[in-house]
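The following exercises concern the structure shown below.

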Amino acid sequence: MTILLQALINGVMAGTLIAVPAIGFTAIFAVLRYPNFAIASYATIGAFAAWWANAILGLPVIPALAIAFVIAGAVGAVAEEVALSRLRGAGALAVAIASIALNLVLENVVRFCFGNDMKGYDLPLMRDWRFGELRIGPQQLQSLGLAVAIMAAMFCFLFYTRFGKATRAVADNPDLARLKGIDPARIAIVTVFLGAGLSGVGGVLIGLDTSIDPLTGYRVLLSVFAAAVLGGLGSIPGAVVGALALGIGEELALIVVPATYRTAVGFAAILIMLTFRPRGILGERAT
Amino acid sequence: MLSYMVFTLTICGVYALLALSLNLIWGGVGLVNLGLAGFFAVGAYASAIATGAGAPVLIGFGAALIVGAVVGLVVTFATLRLRDDYLAIVTLGFAEVIRLIALNERWLTKGSDGISGIRAPLKAELGLQGFSLFYLALVSLIVFLVWLLLRRLDASPYGRAMKAIREDQQLAAFAGKQVLRFKWQAFALSAAIAALAGALYAHFQSYVSPDHFQPLITIYIFLAVTAGGVGRPSGAVLGAYAVVIFLEATRFATELMPGLQPVQLAALREILVGLALILVLHLRPQGLLPERIPKAPPSPSVSS
């Protein structure tokens, strides 16, 4: 029973962290209709930007997160304009392939600047809190709180501001939105900025727990995809639900499967979901 | 120098097979396989394990073809009905899972140590130099045969139906083509060709380990097919040779850069590969050898 409860707690924590970049990925998908593989490098760039602010400049976690958001978002927006936007006419597949190439370029720019070594954030060490048999790390709890706050801010933005409503209108029906005087190009670039920024923040939150290196983003890419597909590609509440389901599923599966197969659990989850309910938990049609 | 050339040309041949595999599925029915490196690995391990258990090398190649096709169908079974994005995501995940299995199932794959001493056909009889030349000839012959087969396929009614599906699958379905059947047949054949490339690679190197099947290979092959020309087998082969030569050239070029760490040189090469792919997509998406779309034959009602 304790094992199950602990797995549940760990799953919710891991899932909440994955939900942040998953929202970024699915938001870009909802508006621009292509899977952006470059979010892996945006997560890595965010993680390194925050590391630079935290370990080199000595800033605490929250300003470092803000820096990660802005830098990853700016890199994402510029890269989208320079390398991807002109390919949109050639179809979603062409943009997706270009985003893979873009990911390779950006990941290696990070490698060129910082090398392959693992880097850790400069954080106060704290002992795990114990509740009977259960253990919870204060650091993880803080990351959890930050992730929830960031997601809440994102939801408020999308559901209560004029710009957020316009974004959802474009995602829903771009032609109708244009008819209403919404400029899709402006919505697109802001969405990419937010999506890349969220990926960057996600990279930091995941790195806070362990360490970061140029492959930090690539390693979570599959989990992000799995979360987005489980919840339904293009659905933002879906990405959150999918990430939580994935986090809990991974932790429960790891009770019986060796820990090295963590990524494979996400893959199995995608296959099962696509076989039985392709549109995901909260998604639209998938065919 | 000669042995370097022979080695490079053999690798060119292996990449050409991978490019033909991607071109069949991408240029054919318009699907992408981001797990090419995974199918490449499946073929390499299948043949290495089969011949390690005592089977002759030809049986190993056969095993690679069959296992590749079957694995391809199992993985894509659920996604071929869905939008193309799903297939891209699933195949990317597949390659990662294959790498995890190769790393962790030591009883089957010897884990990160890799399988060494894979039988090199006729190496004892021909000597080292003779073997290299023989193997280059073998790989080149197989590339030629697969190229011939796929060119033939392109010109056949089957190939035309595939391209109709690529252009507009609803229209193709409306014209009575069984879209799903074409897709799974094309994917199975494509996966089998990638697996065959893996088997050829394994018996050439005599050694395979999970490190040989990095996702980077998939990107090289995408660069090869885009640069060569999507939808044309000759383009895929030309692109593969061009990419291997480009990779070798960047190796020499980056070595001339003074004062950089090895990790920076490696990063620089990969940046060049990524930039090359982005530039090709922007500047010449049709590739060096653009696809030839034959004119429609005169309709019978006009001629009669």
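A nonpolar core is a set of buried Ala, Val, Leu, Ile, Met, Phe, Trp, Tyr and Cys residues joined through C-beta atoms within 7 Å. A residue is buried if 20 or more other C-beta atoms lie within 10 Å of its own, exposed if 12 or fewer, and partly exposed in between, with C-beta atoms placed from the backbone. The model is predicted: local features need pLDDT of at least 70 and side-chain atom pairs count only at pLDDT 80 or more, while totals for chains, interfaces and linings use all residues. Residues are numbered from 1 along each chain as its sequence is written, and chains are lettered from A and ligands numbered from 1 in the order in which they are written.

**Exercise 1.** Identify the residues with the most contacts inside the largest nonpolar core.

Solution. The largest nonpolar core has 203 residues. Within this core, Tyr15(B), Ala19(B) and Ala195(B) have the most contacts. Helix 9 of chain B supplies the largest share of the core, 16 residues; helices (H or I, at least four residues) and strands (E, at least two) are DSSP runs, numbered from the N terminus. Not counting residues up to four places away in sequence, Ala195(B) touches, among others, Phe39(B), Val42(B) and Leu65(B); contact requires C-beta atoms, placed from the backbone, within 7 Å.

**Exercise 2.** Describe the packing of helix 5 and helix 8 of chain A.

Solution. Two packed helices are described by the angle between their axes and the distance between the axes. Axes are lines fitted to C-alpha atoms, for helices over the stretch in contact, and angles run from 0 to 180 degrees between N-to-C directions. For helix 5 (residues 138-160) and helix 8 (residues 184-209) of chain A, the angle is about 170 degrees and the axes are 9 Å apart. Helix 5 and helix 8 of chain A are therefore roughly antiparallel, a term for angles over 145 degrees. Residues of helix 5 of chain A, including Leu146(A) and Ile150(A), meet Val201(A), Leu205(A), Leu208(A) and Asp209(A) in helix 8 of chain A.

Note on methods:
Parallel < 35°, antiparallel > 145°, perpendicular 65-115°, else oblique. Contact = placed C-beta atoms within 7 Å.
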